[in-house]
Amino acid sequence: MKMPPSLPATINIQEPRWDQSTFQGRAKHFFMVTDPRNLLLSGATLEEARRVVEDYRAGTVHPGLTEDQLWRAKYIYDSAFHPDTGEKMILVGRMSAQVPMNMTITGCMLTFYRTTPAVLFWQWVNQSFNAIVNYTNRSGDAPITPSQLGTAYVSATTGAVVTALGLKSLTKHLPAIIGRYVPFAAVAAANCINIPLMRQRELKLGIPVTDENGNRLGESTAAAQKAIFQVVVSRIGMAAPAMAIPPVIMNMLEKRAFLKRYPYLNAPLQVGLVGLCLVFATPLCCALFPQKSSMPVSSLEPEVQDQIRKKDPWLETVYFNKGL
């Protein structure tokens, strides 16, 4: 029996499998990264994937390893271990937990929006979850201190609750369907507060900018602003379908006899509808902008431009990691 040929040790598994310059390639990549089934994998499976990836990077190819198996191991490894520190990430903070966690929290925010204590409680749960996600997926280059984490958490929670309660009192006399959109406005406002605060160190000190080949050229706050803006847009986009489509459907259902007869089905139906939207919205909105984002040198701060011109006078574009 003929042994399959050994896999070459030249496949670049530092980069995603698909072309990241196209939306389709980025979408395929993020469908793999946010796959909720990765949460069900055992510790042994994760460790096996880690071994395959680390050995391959060190130049050791496991006998009989196919290219598909290598990429599968890479995506399992990436779903559970931090890219910069290599430590195993908190389960609920992983990208693969986004859909099940957001589905439950958003479903409940949309179901229990009528009373003030319920609004307070679910906005607080949502911001606590966001804080865990932002901490888990932080950039290893710029560690967040506990005090910064606390400030961002308190500010975002306050922002979300104030927006939710303020809009709730304004929409009292408006049609019921408008009241259903209050949670979305609160989440959008909180994202605009939470992400910049969580990444305030990057806004003060800048994020690393590199040339095409990954050579570090300096730190830029202009690049940090662009990166954070793109992440805020993606996060709001992720929440939009899940918070915009179910209220319309639920409003129609509540007028029918079905939900009046079975009121206990309200929350499960809402959570299911939100889940359906999130399964597609999460990877597609992560893919809106390339992970390795770029900007012209002329848009950077003057002192960073000077620094780059000294190293490479002809360079026109710099690249940076936008974060998630």
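These entries record what I looked up about nonpolar residues in this predicted model.

**Entry 1: the largest core.** I began with the largest nonpolar core, which has 25 residues. Leu7, Ile11, Ile13, Tyr56 and Leu70 are the residues with the most contacts inside it. I then checked which helices supply this core. At least two residues each come from H1 (23–33), H2 (43–57), H3 (67–80) and H12 (266–286). Helix H3 gives the most, with seven residues.

**Entry 2: Ile13.** Which residues does Ile13 touch, not counting those up to four places away in sequence? I list Val53, Tyr56, Arg57, Leu70, Trp71 and Lys74.

**Entry 3: another core.** I also found a second, separate core, this one of 16 residues. Ile105, Trp122, Phe129 and Val187 are among them.

**Entry 4: the surface.** In soluble globular proteins, nonpolar side chains tend to be buried together. I next looked up nonpolar residues on the surface. A nonpolar patch there is formed by Phe23, Phe31, Phe229, Val233, Leu276, Val279, Phe280, Leu284 and Leu288. Together they have about 790 Å² of accessible area. Two or more patch residues come from each of H1, H10 (221–255) and H12. Helix H12 has the largest share, four residues.

**Entry 5: Phe280.** Why does Phe280 count as partly exposed? Its relative accessibility is 47%, and partly exposed covers the range between under 20% for buried and over 50% for exposed.

Note on methods: Residues numbered from 1 in each chain as written. Predicted model: local features only at pLDDT ≥ 70, side-chain atom pairs only at ≥ 80, totals over all residues. Heavy atoms only, no water. Core = buried A, V, L, I, M, F, W, Y, C linked by side-chain atoms within 4.5 Å. Buried < 20%, exposed > 50% of the residue type's maximum accessible area, 1.4 Å probe, protein only. Contact = heavy atoms within 4.5 Å. Patch = residues over 30% accessible without salt bridge, like charges linked within 9 Å, V, L, I, M, F, W, Y side chains within 5 Å. Areas by Shrake-Rupley, 256 points an atom, 1.4 Å probe, with all protein chains shown as cover. Salt bridge = Lys/Arg side-chain N within 4 Å of Asp/Glu carboxyl O.
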